[in-house]
Amino acid sequence: MSARILVVDDSPFTGEAVAWALRRAGYTVEVARDLWDLEKPDLAVADLVLMDVVLQEAFGDDLAMLLRGVRGFECPIVLLSSLPDHLLERRAADADLNGYISKRGGLAGIVRLVEPVHVDGVMSRGLGLKALHHHRRRMDEREAPGLCPE
């Protein structure tokens, strides 16, 4: 069974293009274009959520926190945007998300970064060392509040 990926993007072109590329790579993909689409109960069983940042109805990082807190999403949630990397990294960290992927790398770059390799529930190689380090830092903080290994 292939990994299920939920792509949240209000642009029909971008959302379907990302979904097409991921399907060609063997993933099962659902696309949500608005808040109503996210009400579907079967979307909560995704293995990974790729969340656009600038949506018409909300900011993706805020919406991701709601998916976790209200809808109970436990899978990795990753921001997907063409914003500069330093802004994506900050937004992902502030929302306590699992990382980010830049759209500037194109469809091939997005697919390359979405690899079904999980470490403690987080995609390790697929999100690079920054996301894994961020995840490990969060785990360490939970075990020893205030201590963040560098």
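Analyst: Start with N98, whose side chain reaches the backbone nitrogen of I77 at 2.8 Å. This is a predicted model; local features need pLDDT of at least 70, side-chain atom pairs count only at pLDDT 80 or more, and totals for chains, interfaces and linings use all residues. Residues are numbered from 1 along each chain as its sequence is written, and side-chain values use heavy atoms, with hydrogens and water left out.

User: Why is N98 called buried?

Analyst: Buried means under 20% relative accessible area, exposed over 50%, and partly exposed in between (1.4 Å probe, protein chains only). N98 has 3%, so it counts as buried. It sits in the loop between helix 3 and strand 5 (99-102). Helices (H or I, at least four residues) and strands (E, at least two) are DSSP runs, numbered from the N terminus.

User: What makes D96 partly exposed?

Analyst: Its relative accessible area is 32%, so D96 is partly exposed. D96 lies in the loop between helix 3 and strand 5. Its phi is near 60°, a positive value in a residue other than glycine. Most residues other than glycine have a negative phi.

User: How do you know that S81 is buried?

Analyst: S81 has 3% relative accessibility, so it is buried. It belongs to strand 4 (residues 77-81). The side chain of S81 reaches the backbone nitrogen of L83 at 3.1 Å.

User: Which residues is S81 in contact with, leaving aside neighbours within four places in sequence?

Analyst: Contact means heavy atoms within 4.5 Å. On that test, S81 touches D52, V53, L88, I101, S102 and K103. As for Y100, its C-alpha is 7.9 Å from that of S81, and the two are 19 residues apart in sequence.

User: Why are the buried residues of helix 2 said to be on the same side?

Analyst: The buried residues of helix 2 (residues 60-69) are G60, D61, L63, A64 and L67. They cover an arc of only 155° around the axis, which puts them on the same side of helix 2. The arc is that of the directions from the helix axis to the C-beta atoms. An α-helix has 3.6 residues a turn, so residues three or four places apart point the same way. Their cover includes strand 1 (4-8), strand 3 (48-52), strand 4 and helix 3 (85-94).

User: What do the buried residues of helix 4 pack against?

Analyst: In helix 4 (residues 106-113), G109, I110 and V111 are buried. They pack against helix 1 (12-24), strand 3, strand 4 and strand 5.

User: What makes R91 a charge over the ring of F59?

Analyst: The rule asks for NZ of Lys or CZ of Arg within 6 Å of the ring centre and within 35 degrees of the ring normal. The charged end of R91 sits over the F59 ring, 5.0 Å from its centre.

User: How many helices and strands does the protein have?

Analyst: There are 5 helices and 7 strands. Of its 150 residues, 43% count as buried.

Methods. Polar contact = N/O pair within 3.5 Å; in protein donor to acceptor, adjacent residues only side chain to side chain.
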